Number of protein chains: 2
Amino acid sequence: MTVVRVEQKVLNENQRIALELSRRFAENEILCLNFISAPGSGKTTLLEGTLAAFRPEEKIAVLTGDLQTENDARRLARYGFPVQQIVTGGVCHLDGKMIERALEPWPLENIDVLFIENVGNLVCPSSYDLGEEAKIVLLSVTEGEDKPLKYPSIFHKAALLILTKVDLLPYVPFDMEAAKANARQVNPDIEILEVSCATGKGMDQWRAWLEHRRAQPQAHFAVSSDSRPH
Amino acid sequence: MTVVRVEQKVLNENQRIALELSRRFAENEILCLNFISAPGSGKTTLLEGTLAAFRPEEKIAVLTGDLQTENDARRLARYGFPVQQIVTGGVCHLDGKMIERALEPWPLENIDVLFIENVGNLVCPSSYDLGEEAKIVLLSVTEGEDKPLKYPSIFHKAALLILTKVDLLPYVPFDMEAAKANARQVNPDIEILEVSCATGKGMDQWRAWLEHRRAQPQAHFAVSSDSRPH
């Protein structure tokens with residue numbers, strides 16, 4: 001089918017750009033993390049809590065994607081680090097070219113950690129690598145423990161699952177052990193953290209994870225083999 | 001760009017199939033409703049509560065879409081009405097051809113109301129009409145009041161917004177009035193209901209909305225003009 005062939009070409013072209021981004025991140029010793037989740041799982045709130053804990057002299061930068069609005073960039077800019085909104089204008093994911101363009105005004109040697117907040121979508125962003133060191137998937141406990149089985153691609157590719165809004169556990173029918181088992185069924189190597197930005201629970205473990213990743217030399221990005229058209 | 005042209009062709013072909021589905025629904029006096037939301041907003045739970053209230057002799061049928069698993073069909077089949085799972089195998093939305101194929105074994109004269117539960121995704125399903133009489137968008141109060149502005153396409157096209165999980169309002173920072181104002185900014189005509197399947201709040205109003213729609217003659221489907229590639 002022509003559509004499949006064209007989609008395949010788009011994904012191959014994206015992989016080429018992602019590899020080049022990854023090479024530049026490695027060269028400049030940048031830890032780049034790509035945050036993916038459904039809309040409203042708490043990506044921006046987690047990033048707010050994360051930025052708040054960095055010292056002002058740290059070299060942190062954020063790219064945040066949305067179909068419309070600059071709301072997230074406004075929220076994140078309050079912490080004093082460089083932030084850019086990528087408005088996709090309806091496109092359901094960020095791609096390598098958008099990241100390349102957004103990075104143009106930023107000297108990469110001034111960045112140690114680059115957070116990329118993807119468009120809220122548990123499906124399409126998983127097919128578009130952005131040169132990141134790791135994908136991090138967020139799942140809020142209000143969404144249900146079955147999601148790793150229903151949306152396996154992103155849980156398969158993520159290095160870390162952050163279960164968010166755990167302060168709401170007393171009020172929702174969420175089976176934490178089943179959620180973790182489902183995630184590990186799709187990806188036995190996935191690391192898992194439980195976090196509540198409302199109470200601060202788990203934020204120390206998240207920061208420890210982040211510092212541990214920062215301390216490691218940045219690996220050169222391995223191209224993922226998924227190229228499912230969508 | 002070739003990609004845009006091919007996507008355009010796919011969407012045009014989908015519109016042709018959607019029109020034909022709509023014609024068949026009108027001919028058989030079927031009310032078809034297309035439920036769209038982010039993953040975990042409560043589409044399946046709302047449908048469970050909805051099916052539970054129908055008398056067994058009513059002619060209700062359900063199609064439910066997911067990337068993987070037949071979990072939702074299993075949950076919904078317990079109410080005794082015909083249910084079919086559409087497993088998209090990674091595709092981020094349902095399209096007209098999938099609906100056409102799923103309907104093949106069902107005599108349409110045996111259906112009065114057809115519920116379609118789309119793939120959990122607030123972006124892509126809004127571009128693919130399925131011959132439905134109306135799109136219904138769900139937004140859970142845990143997701144935040146900014147979502148209509150960030151994902152305008154689906155809120156623009158939906159006839160009804162159902163704000164779900166309102167039992168959680170005491171525990172989450174959700175501004176109900178702002179959420180409604182944001183939805184109406186994108187779509188001044190959108191109807192809005194507040195529902196909690198956990199407490200039953202708002203379910204009477206939802207059933208009244210449904211019965212009111214059932215009482216109206218089914219309009220022939222108007223082709224929407226959105227054809228944004230994604």
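Rings of Phe, Tyr and Trp (its six-membered ring) are taken as a pair if their centres lie within 6.5 Å, and planes under 30 degrees apart count as stacked, over 60 as edge-to-face and the rest as tilted. The model is predicted, so that local features need pLDDT of at least 70 and side-chain atom pairs count only at pLDDT 80 or more, while totals for chains, interfaces and linings use all residues. Residues are numbered from 1 along each chain as its sequence is written, chains are lettered from A in the order in which they are written, and side-chain values use heavy atoms, with hydrogens and water left out.

Over all chains the structure holds 11 aromatic pairs. One of them is the stacked pair of Trp206(B) and Trp209(B), at 5.9 Å centre to centre with 25° between the planes. Because these two residues, Trp206(B) and Trp209(B), are three residues apart in helix H8 (residues 203-215) of chain B, about one helical turn separates them. Both Trp206(B) and Trp209(B) are buried (under 20% relative accessible area, 1.4 Å probe, protein chains only).

| Interface of chain B and chain A | Value |
|---|---|
| Residues of chain B in contact | 35 residues |
| Residues of chain A in contact | 35 residues |
| Buried area | about 3,100 Å² |
| Share on carbon and sulfur atoms | 64% |

Pro39(B), Lys150(B) and Tyr171(B) supply 19% of the area that chain B buries against chain A, more than any other three residues. Lys150(B) also meets Asp66(A) through their side chains in a salt bridge (3.8 Å, N to O), the term being used for a side-chain nitrogen of Lys or Arg within 4 Å of a carboxyl oxygen of Asp or Glu.

Note on methods
Contact = heavy atoms within 4.5 Å. Buried area = accessible area lost by both parts, 1.4 Å probe. Helix = DSSP H or I, 4+ residues; strand = E, 2+ residues; numbered from the N terminus. Buried < 20%, exposed > 50% of the residue type's maximum accessible area, 1.4 Å probe, protein only.
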